[in-house]
Amino acid sequence: MKSIADLGDVAGQRALVRCDFNVPLQGDQITDDGRIRAALPTLTALQQAGAKIVIMAHMGRPDGEVNPKYSLAPVAARLGELLGCDVALAANVVGSSAQETVAGLDNGQVALVENVRFEPGETSKDDGERLELAEKYAALGDFFVSDGFGVVHRKQASVYDVAKLLPAYAGFLVEAEVEVLKKLTVAPQRPYVVILGGAKVADKLAVIDNLLKVADTLIIGGGMAYTFAKAQGYEVGKSLLDETKIDDCAGYLQQGEALGKKVLLPVDALCVGENAIDFSTFTLSGDVVEADITDLPADRGGCDIGPKSAEVFASEIAGAKTVFWNGPMGVFEIDALADGTKGVAKALVDSDAFTVVGGGDSAAAVRAFGYDDSQFGHISTGGGASLEYLEGKELPGLSVLEEVS
Ligand code: AMP
């Protein structure tokens with residue numbers, strides 16, 4: 001991949017930059033601006049080089065239709081505060097407002113075009129339709145910088161197709177993320193402990209398959225742990241269970257044993273009544289009961305790892321030299337069910353290992369608990385992208401940069 005560190009004199013040239021600014025919002029308030037901060041090294045370098053900066057980004061899933069709910073206005077405002085300058089927001093993606101906004105930029109100035117997913121071509125499966133839109137994007141820039149790591153696993157017009165139409169470079173964020181992921185896949189320092197959590201076991205099977213080969217210890221928590229518990233022969237009450245994946249989980253447990261890997265599952269859980277959680281507001285009704293995994297109440301569901309599990313997991317993390325963590329240990333959005341996730345976050349912070357938080361909910365969780373990014377080796381901006389990289393999949397947004405370099 002060509003790096004923006006290798007750019008020659010770009011003063012006065014238009015840098016078309018893809019960023020991942022898909023930040024969590026409550027109303028129009030950004031609740032975690034980590035992804036915007038992560039783009040600053042690339043953006044300030046381009047500003048200092050005197051480029052005119054045109055940013056493409058998406059927000060949510062407006063499905064190819066203009067929807068003010070998904071406007072990038074809050075992002076433009078926050079980016080302006082962080083850069084200490086005005087950031088203009090065009091009223092559309094490639095129309096006359098975008099063209100005029102770009103034409104009005106002076107050297108070092110920054111503008112955003114509106115949510116690229118307002119355009120149906122952005123996420124189209126039709127190559128021709130994507131290319132047609134990418135040509136309009138390309139008309140807004142003289143060179144392309146790919147810095148939206150959270151979307152490099154997507155074959156989309158502003159990530160993939162536009163990179164074929166302009167001289168294309170990897171931004172500092174994409175380079176940094178790839179460097180970290182390489183460290184995790186090529187000769188990681190051992191012991192290498194991987195912690196996986198989150199709700200859906202099906203989403204994580206491919207990464208388990210690959211990581212079992214490279215990691216020394218696999219720790220499994222969160223809702224996905226109960227399908228493993230069932231595979232071990234335990235009854236899981238009303239806990240999350242994917243009946244279709246029990247055999248896969250049993251297979252991975254056997255494979256781990258055959259490979260001489262440690263696979264740690266929760267030994268206890270915090271259980272709540274069936275339907276006691278309203279997931280739309282994250283409120284809990286009723287009490288929380290601690291139970292051993294061998295003895296889960298039939299009428300309750302496990303919604304956090306218990307204190308014994310948290311201790312076992314923390315002591316395993318304390319002995320590691322490399323740690324990768326993706327997915328919460330429980331419904332961390334509810335205080336009474338957050339201790340397991342907090343325990344893992346604290347164990348990472350206390351550890352001397354190279355610690356990587358793999359994006360998404362876990363990144364939001366550690367920040368919500370009050371930890372600073374600098375307390376971890378790396379917090380990825382891309383949950384899906386980093387998991388797909390670790391699964392060994394080809395990421396279109398990266399391979400296109402290699403192809404054109
Ligand atoms: P995922 O998108 O698969 O990483 O899942 C993240 C979500 O899983 C978070 O919103 C958690 O609240 C939820 N979660 C974690 N553990 C559990 C559990 N034991 N039961 C239900 N939901 C859970």
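A helix axis here is a line fitted to C-alpha atoms over the stretch in contact, and the angle between two axes runs from 0 to 180 degrees between their N-to-C directions. I start there since the first part of this talk is about helices. One caution before that: the model on the screen is predicted.

Two packed helices are described by the angle between their axes and the distance between the axes. Take α7, residues 201-214, and α9, residues 246-258. Their axes lie 11 Å apart, and the packing angle is about 20°. That angle makes α7 roughly parallel to α9, because angles under 35 degrees count as roughly parallel. The crossing of α7 past α9 is left-handed.

Now a second pair. Helix α2 covers residues 40-48 and helix α3 covers residues 73-83; they pack at about 65°, with 11 Å between their axes. How are α2 and α3 oriented to each other? They are roughly perpendicular, because the range for that word is 65 to 115 degrees. Here α2 passes α3 in a right-handed crossing.

Next, the ligand. It is surrounded by 15 residues, and the closest are Ala-199, Gly-223, Gly-302, Glu-333 and Asp-361. By type, the shell holds six nonpolar, five polar and four charged residues.

At Gly-302, a backbone N or O atom is 3.0 Å from a nitrogen of the ligand. At Glu-333, the side chain supplies an N or O atom, 2.5 Å from an oxygen of the ligand. As for cover, the ligand taken alone exposes 510 Å², and the protein buries 84% of that.

Last, the loop between α6 and β9. Helix α6 spans 172-185 and strand β9 spans 192-196, and Pro-191 sits in the loop between them. Ala-187 is also placed in the loop between α6 and β9.

Why point these residues out? Most residues other than glycine have a negative phi, and most peptide bonds are trans. Ala-187, which is not a glycine, has a positive phi, near 50°. The peptide bond from Arg-190 to Pro-191 is cis, with omega near 0°.

That is the end of the talk.

Note on methods
Residues are numbered from 1 along each chain as its sequence is written. This is a predicted model: local features need pLDDT of at least 70, side-chain atom pairs count only at pLDDT 80 or more; totals for chains, interfaces and linings use all residues. Side-chain values use heavy atoms; hydrogens and water are left out. A residue is near a molecule or strand if one of its heavy atoms lies within 4 Å of it. A polar contact is a pair of N or O atoms within 3.5 Å; within protein, one must be able to donate a hydrogen and the other to accept it, and residues adjacent in sequence count only if both atoms are side-chain atoms. Accessible areas come from the Shrake-Rupley method with a 1.4 Å probe; for residues, only the protein chains shown count as cover. Ala, Val, Leu, Ile, Met, Phe, Trp, Tyr, Cys and Pro count as nonpolar, Asp, Glu, Lys and Arg as charged, and the others, Gly among them, as polar. Helices (H or I, at least four residues) and strands (E, at least two) are DSSP runs, numbered from the N terminus. Angles under 35 degrees count as roughly parallel, over 145 as roughly antiparallel, 65 to 115 as roughly perpendicular and the rest as oblique. A crossing is left-handed if the near helix is turned anticlockwise from the far one by less than a right angle, and right-handed if clockwise.
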